Amino acid sequence: MSITLYQLDGCPYCEKVADRLDELDVDYETAWTDAMHSDRNEVKRVSGQRGVPVLVDEDRGVTMSESANILEYVERTLA
């Protein structure tokens, strides 16, 4: 499985997603992002915007942002 979670240290929305992935024993890679929105070029490249969290599920061809949407996807697809 090839899942990447783009997150910012200390971001409560990112932590909610990471915690749920950990609870479900989902293997994922963390891509830590810069605190400055203007420096989040990698996040913008993969998702079209600079906000985090962003989840990329390469196996299913899914890239999504917004923690609520990501958590719904995780429950529906990865749980």
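Biologist: Helices (H or I, at least four residues) and strands (E, at least two) are runs assigned by DSSP and numbered from the N terminus. What kind of model is this?

Modeller: This is a predicted model, in which local features need pLDDT of at least 70 and side-chain atom pairs count only at pLDDT 80 or more, whereas totals for chains, interfaces and linings use all residues. Residues are numbered from 1 along each chain as its sequence is written, and side-chain values use heavy atoms, with hydrogens and water left out.

Biologist: What order do the strands of the open sheet have?

Modeller: The order is E2-E1-E3-E4, and the pairing is mixed; two strands pair if DSSP finds at least two bridges between them.

Biologist: Which strands stand at the edges?

Modeller: Strand E2 (29-32) and E4 do; each has a single partner strand, so one side of each lacks a neighbour in the sheet. From one strand to the next, the twist averages 15°. Such angles run from 0 to 180 degrees between N-to-C directions, with axes being lines fitted to C-alpha atoms, for helices over the stretch in contact.

Biologist: And how many bridges join E3 to E4?

Modeller: There are 4 bridges between E3 (residues 54-57) and E4 (residues 62-65), which run antiparallel. Val56 has Thr63 in E4 as its bridge partner. The two strands form a hairpin with 4 residues between them, and Gly61 in the turn has a positive phi of about 70°.

Biologist: What does E1 pair with?

Modeller: Strand E1 (residues 3-7) pairs with E3 in the antiparallel sense over 4 bridges, and Ile3 stands opposite Asp57 in E3. Helix H1 (residues 12-23) packs on the sheet and touches E1 and E3, its direction making about 150° with that of E1; contact means heavy atoms within 4.5 Å.

Biologist: Changing topic, how many salt bridges does the count come to?

Modeller: The count comes to 5 salt bridges, each a side-chain nitrogen of Lys or Arg within 4 Å of a carboxyl oxygen of Asp or Glu. One of them joins Arg20 and Glu23 (2.8 Å, N to O).

Biologist: How are Arg20 and Glu23 separated in helix H1?

Modeller: Because they are 3 residues apart in helix H1, about one helical turn separates them.

Biologist: Is Glu23 buried or exposed?

Modeller: Glu23 is exposed, with a relative accessible area of 57%; buried means under 20%, exposed over 50%, and partly exposed in between (1.4 Å probe, protein chains only). Arg20 is partly exposed at 24%.
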